[in-house]
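Here is a short report on a structure.

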Amino acid sequence: MKILYFAWLRQHTGMAEEILEPAPQVATAGALIDWLIDRSPGHAAAFEQRSSIRIAIDQAFADPGDSIVGAAEVAFFPPVTGG
Amino acid sequence: MTVRVQAESFDLGAETDRLTAGRRDVGAVASFVGIARETNPDEGAEPVIAMTLEHYPGMTERMLAAAEADARTRWPLLDCLIVHRYGRFLPGDPIVLVVTLSSHRQAAFDACAFLMDYLKTQAPFWKHEETASGARWVAARATDDAAAARWTKKD
């Protein structure tokens, strides 16, 4: 599974993306965040403002409770500020 | 598909000419150009020296295409174009272009505003501003959410 980070999440984790295989019990986007937080202090810092983080599963907006089972790509980013 | 995500600049006149060329059914063209500005709306904030727009390649194109598809179900559009740039911009540089074509003005005006409100809140772009004392990520604005929400209200 490809995990992507954008904007300040990318700065905290120190990477734009990583390929990971989460444990089988990590079935939702929210559980994935819990799992990622333990990877490094940078990951923990990236997800500190957890309520403001947006999630996309396979390039579609998703909620923390949505399933990531079978997903190819999960992205985490701040609220968008384009236009 | 009339959605483009690109580093290069754009020319409103050239794009409009291309969209209207050979057509006799277009009665209205509405357009919006978003431009990088020096002034920051936050009180007491420093002038912006430059701004970098980061985006999510792939998802950006999907969300802009979804915006266009949504607009086409709401208004009788003859054509429309969305161009959004990424990269580093100086004050005065054009960032985003929306052009809508219809037989009558109201559909063109409304669809243009709708598309801008939609992409402001749904397209995965992030602004990073440079000022004399450092750089910061621009925070999302509640006013943008409110502007987008008006299109989902029931009549």
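## A buried threonine in chain B

B:Thr60 sits in helix α2 of chain B, which spans residues 59-74. The model is a predicted one. B:Thr60 has a relative accessible area of 0%. The cut-off for buried is under 20%, so B:Thr60 counts as buried.

What does B:Thr60 touch, leaving aside residues up to four places away in sequence? Its contacts are B:Val5, B:His55, B:Pro124 and B:Phe125.

## Salt bridges within chain A

Over all chains, the salt bridges number 13. One of them pairs A:Glu17 with A:Lys2. Their closest N and O atoms are 3.9 Å apart, and the cut-off is 4 Å. A:Glu17 belongs to strand β2 (residues 17-19) of chain A, and A:Lys2 to strand β1 (residues 2-5). The pair therefore ties together parts that are 15 residues apart in sequence. Both ends are partly exposed: A:Glu17 has a relative accessibility of 40%, and A:Lys2 has 26%.

A:Glu18 also forms a salt bridge, with A:Arg39 as its partner. Here the closest N and O atoms are 3.7 Å apart. This pair links distant parts of the chain, 21 residues apart. A:Glu18 is in strand β2 of chain A. A:Arg39 is in the loop between α2 (29-37) and α3 (41-46) of chain A. Are these two residues buried or exposed, or in between? A:Glu18 counts as buried, at 10% relative accessibility. A:Arg39 is partly exposed, at 42%.

## Salt bridges within chain B

In chain B, the side chains of B:Asp25 and B:Arg23 form a salt bridge, with an N to O distance of 2.9 Å. B:Asp25 is partly exposed at 37% relative accessibility. B:Arg23 is partly exposed too, with a relative accessible area of 30%.

Which residues of chain B are joined into one network by salt bridges that share partners? They are B:Arg4, B:Glu15 and B:Arg18.

## Extent of the interface

The size of an interface is often given as the accessible area lost when the parts come together. Between chain A and chain B, the buried area is about 1800 Å². Carbon and sulfur atoms give 59% of that area. The contact involves 20 residues from chain A and 27 residues from chain B.

Which three residues supply more of the area that chain A buries against chain B than any other three? They are A:Gln59, A:Thr81 and A:Gly83, which supply 37% of it.

## Contacts across the interface

Between chain A and chain B there is one salt bridge. The side chains of A:Arg10 and B:Glu54 meet in a salt bridge, at 2.5 Å from N to O.

α1 (8-13), β4 (60-62) and β5 (73-77) of chain A each supply at least two residues of the side that touches chain B. By residue class, that side of chain A divides into twelve nonpolar, five polar and three charged residues.

Conventions: Residues are numbered from 1 along each chain as its sequence is written. Chains are lettered from A and ligands numbered from 1 in the order in which they are written. This is a predicted model: local features need pLDDT of at least 70, side-chain atom pairs count only at pLDDT 80 or more; totals for chains, interfaces and linings use all residues. Side-chain values use heavy atoms; hydrogens and water are left out. Helices (H or I, at least four residues) and strands (E, at least two) are DSSP runs, numbered from the N terminus. Buried means under 20% relative accessible area, exposed over 50%, partly exposed in between (1.4 Å probe, protein chains only). Contact means heavy atoms within 4.5 Å. Buried area is the accessible area (1.4 Å probe) that two parts lose on being put together, summed over both. Ala, Val, Leu, Ile, Met, Phe, Trp, Tyr, Cys and Pro count as nonpolar, Asp, Glu, Lys and Arg as charged, and the others, Gly among them, as polar.
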